[in-house]
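Hi everyone, thanks for coming. Please have a look at the structure on the screen, and then I'll walk you through it.

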Amino acid sequence: MCPTCVFINILIPRTSSFSTTILEAEGQEAVVNHVFAHMKSTARFVKNPSMKKKSLSSVQIASSKQKYNSFVEKFDKMSIGEKAQAAMKMVRADRRVENEGCPCVDEVDDDHPSREGGVMYASGIPVEPGDDFRISSHYQMIFMGVTTMNRLLTEHYHGVTRPMLYYGTTHSFAPAHVEDLSLFSVNFLHHGHPKLWIVVPPHAVNRLRNCIMDSKTINGHSTCPNGPLGHKYFIPTPEWMEEQKIPYNVIIQRPKQAVLLYPNAAHWVVNLGMNCAEASNYVSCHAASRKKKVSCLNGISA
């Protein structure tokens with residue numbers, strides 16, 4: 001095991017948290033009720049400016065696809081070891097410039113600070129080429145930025161061209177959202193306590209989005225192209241979801257398990273104790289081959 005993984009194992013206590021104790025003793029429904037009862041008072045309001053998207057020309061898109069197809073043809077002929085070496089070489093040679101993403105500025109109302117009694121969630125820590133953080137001996141999630149269709153992006157996007165690490169504490173959470181660029185995503189829980197996922201299937205996401213807008217609780221990002229689920233400000237409770245007749249699934253993710261999300265699947269996540277996870281977005285070659293549109297900030301589509 002690499003030194004980074006050993007270091008993380010030392011930091012994360014092996015004793016059960018109160019939430020995991022409830023999960024093991026009373027089951028999934030009990031821990032869901034416990035978690036959301038603890039989060040009822042959470043609320044945020046934001047303001048947002050307008051946003052313009054930039055796009056590539058059809059000639060640039062065609063050229064990018066041709067280069068990618070040529071790369072895949074050569075890469076598929078390599079052995080696993082050769083792929084790992086080639087991927088690391090490409091990662092270290094990657095010189096794409098960081099894209100800042102949505103320019104909406106989060107202006108939280110400072111008249112109502114809530115620093116006392118809060119929980120810490122060290123989320124979205126970029127994994128850099130020099131970080132030795134592996135899922136297996138032949139694969140690092142950082143390889144996805146140069147070996148999948150993510151390589152077509154002309155700039156770096158947090159969590160897309162490079163993965164991110166997430167260090168959670170008890171009841172730290174990520175509010176309801178859909179993934180950046182509506183891409184696939186994979187989340188691997190390396191160490192620590194389980195994660196609780198609430199997932200709304202893609203076919204019901206428009207209803208969720210409309211119900212949030214109709215609830216009159218949104219005070220920002222109303223004109224942002226990413227919409228209310230492009231920014232993490234809402235934590236729908238199971239009771240509210242059932243009242244609105246929005247279908248959802250509850251998932252308990254344990255260490256060494258991965259959660260794979262399809263494009264446009266809305267989800268929110270609660271950590272049941274201290275843990276460490278790694279996540280990345282990616283484009284599916286299968287989806288591209290079936291001519292499904294993949295929206296990207298730089299205008300590339302398949």
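Let me start with a term: two strands are said to pair if DSSP finds at least two bridges between them. Helices (H or I, at least four residues) and strands (E, at least two) are themselves DSSP runs, numbered from the N terminus. With that in hand, look at strand 4 (residues 184-192) and strand 7, which pair in the antiparallel sense over four bridges. Within strand 7, Ala-258 is the bridge partner of Phe-188.

A word on what you are seeing. This is a predicted model, where local features need pLDDT of at least 70 and side-chain atom pairs count only at pLDDT 80 or more, while totals for chains, interfaces and linings use all residues. Residues are numbered from 1 along each chain as its sequence is written, and side-chain values use heavy atoms, with hydrogens and water left out.

Now the overall picture. The protein has nine helices and nine strands. Of its 302 residues, 46% count as buried; buried means under 20% relative accessible area, exposed over 50%, and partly exposed in between, with a 1.4 Å probe and protein chains only.

Back to strand 7 (residues 258-261) for a moment. Which residues make up its covered face? They are Val-259 and Leu-261, while Ala-258 and Leu-260 form the uncovered one. In general, side chains in a regular strand alternate between the two faces of the sheet.

Next, an open sheet of four strands, in the order 3-8-5-6 with antiparallel pairing. Strand 3 (173-177) and strand 6 stand at the edges with a single partner strand each, so one side of each has no neighbour in the sheet. Inside this sheet, strand 5 and strand 8 pair in the antiparallel sense over six bridges, and Leu-196 stands opposite Val-270 in strand 8.

Let's move to the interior. A nonpolar core is a set of buried Ala, Val, Leu, Ile, Met, Phe, Trp, Tyr and Cys residues joined through side-chain atoms within 4.5 Å. The largest one here has 28 residues, and Val-35, Val-200, Leu-208, Leu-229 and Trp-268 touch the most other members. At least two residues each come from helix 2 (18-26), helix 3 (28-38), strand 5 (195-200), helix 7 (205-214) and strand 8 (266-271). Which helix gives the most? That is helix 3, with five residues.

So who is buried in helix 3? Ala-30, Val-31, Val-32, Val-35 and Phe-36 are. They pack against helix 2, strand 5, helix 8 (238-243), strand 6 (249-253) and strand 8. Contact here means heavy atoms within 4.5 Å. Leaving aside residues up to four places away in sequence, Val-35 touches His-171, Leu-196, Val-270 and Leu-272.

Helix 2 and helix 3 have axes that come within 7 Å and cross at roughly 150°. That makes the two helices roughly antiparallel, a label used for angles over 145 degrees. Among the residues making the contact are Ile-22 and Leu-23 of helix 2, and Ala-30 and Val-31 of helix 3.

One last stop: Ser-172, in the loop between strand 2 (164-168) and strand 3. Is Ser-172 buried or exposed? Ser-172 is buried, with a relative accessible area of 1%. A polar atom of its side chain lies 2.7 Å from the backbone oxygen of Thr-169.

Definitions and conventions. Polar contact = N/O pair within 3.5 Å; in protein donor to acceptor, adjacent residues only side chain to side chain. Axes fitted to C-alpha atoms, helices over the stretch in contact; angles between N-to-C directions. Parallel < 35°, antiparallel > 145°, perpendicular 65-115°, else oblique.
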